[in-house]
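Please keep the sequence and the coordinates at hand while reading.

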Amino acid sequence: MEKIEFVAPMDIEKRSMQIIGEELNRRGIHLDPEEDPVVRRAIHTSADFDYAENLVFSEQAVSRLREALAAGADIVTDTEMARAGISKKTLEKFGGRVHCFMSDPDVAEEARARGVTRATVSMEKAARLPGRCLFAIGNAPTALIRLDEMIREGTLQPAGIIGVPVGFVNVVEAKELILKVSSVPYIVARGRKGGSNIAAAVCNALLYGMPGVKRS
């Protein structure tokens with residue numbers, strides 16, 4: 001029987017991150033220092049070390065996204081689960097808010113009338129928000145597809161995109177669209193893996209690394 005390691009409750013996350021670091025070293029994986037906290041938090045959330053290779057960052061993505069958040073950018077998600085998982089208290093310190101329009105009655109009604117997904121309509125609604133937004137997509141590939149379309153149309157210039165939807169239908173293809181966007185910083189989980197928990201984890205990793213933020 002293996003010995004159970006006692007870890008004080010307040011030290012569990014710290015010990016988890018140490019274990020992740022040890023495992024990365026054993027695997028010979030050396031992360032970019034700026035991207036390291038984001039990758040580690042994705043692994044911490046999922047216990048899946050594939051994110052050490054699956055997460056793709058545009059040039060200076062972490063610093064550019066943090067600059068946008070520091071300037072008061074809001075975060076738009078495609079699920080209530082992601083919205084609930086993001087540290088709203090931390091984001092509010094910089095003047096930002098988290099939005100999810102997926103359950104709004106007007107979004108559902110318009111989606112039915114047009115024969116499109118609620119994710120498509122919710123992205124269009126988010127595009128009408130004042131100020132710039134960081135889009136954190138963990139479930140709906142159609143959200144990424146519509147974001148790509150609006151960027152190309154010139155009707156939207158996001159502060160950034162976190163593209164980590166999970167699934168099988170159009171998921172890989174939608175992520176590849178975002179990887180071709182050169183005008184917007186992005187963090188994308190290439191392949192089928194992802195989820196609302198990963199979207200929230202990436203947002204929190206960005207927020208927890210902001211100047212003046214202390215983890216309790």
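Helices (H or I, at least four residues) and strands (E, at least two) are taken as DSSP runs and numbered from the N terminus. By that scheme, Ser 182 falls in the loop that links α10 (171–179) to β6 (186–189). The model is predicted, with local features requiring pLDDT of at least 70 and side-chain atom pairs counting only at pLDDT 80 or more, while totals for chains, interfaces and linings use all residues. Residues are numbered from 1 along each chain as its sequence is written, and side-chain values use heavy atoms, with hydrogens and water left out.

**A loop residue**

- Ser 182 is exposed, its relative accessible area being 72%, where exposed stands for over 50%, buried for under 20% and partly exposed for values in between (1.4 Å probe, protein chains only).
- Between the C-alpha atoms of Ser 182 and Arg 114, which are 68 residues apart along the chain, the separation is 30 Å.

**The sheet**

- Six strands form an open sheet in the order β1-β6-β5-β4-β2-β3, and the pairing is mixed; two strands are said to pair if DSSP finds at least two bridges between them.
- The edges are taken by β1 (55–57) and β3 (98–99), each of which has a single partner strand, so one side of each is left without a neighbour in the sheet.
- β2 and β4 are paired in the parallel sense over four bridges, and Thr 77 has Ala 136 in β4 as its bridge partner.
- β5 and β6 pair in the parallel sense over three bridges, and Ile 162 stands opposite Ile 187 in β6.

**A buried glycine**

- Gly 160 belongs to strand β5 (residues 160–163) and is buried, with a relative accessible area of 0%.
- Leaving aside residues up to four places away in sequence, Gly 160 touches Leu 65, Cys 133, Leu 134, Phe 135, Val 184 and Pro 185, contact meaning heavy atoms within 4.5 Å.
- The C-alpha atoms of Gly 160 and Ile 75 are separated by 9.4 Å, although the two residues are 85 residues apart along the chain.

**The α7 and α8 helix pair**

- The axes of α7 (residues 105–114) and α8 (residues 118–127) come within 8 Å and cross at roughly 125 degrees; axes are lines fitted to C-alpha atoms, for helices over the stretch in contact, and angles run from 0 to 180 degrees between N-to-C directions.
- α7 and α8 are therefore oblique to each other, a class left over once angles under 35 degrees are called roughly parallel, over 145 roughly antiparallel and 65 to 115 roughly perpendicular.
- The contact brings Asp 106, Val 107, Ala 108, Glu 110, Ala 111 and Arg 114 of α7 against Arg 118, Thr 120, Val 121, Ser 122, Glu 124 and Lys 125 of α8.
- The residues of this contact comprise four nonpolar, two polar and six charged, where Ala, Val, Leu, Ile, Met, Phe, Trp, Tyr, Cys and Pro count as nonpolar, Asp, Glu, Lys and Arg as charged, and the others, Gly among them, as polar.
- α8 is mostly covered, eight of its 10 residues being buried, and those buried residues pack against β2 (74–77), α7, β4 (133–137) and α9 (141–153).
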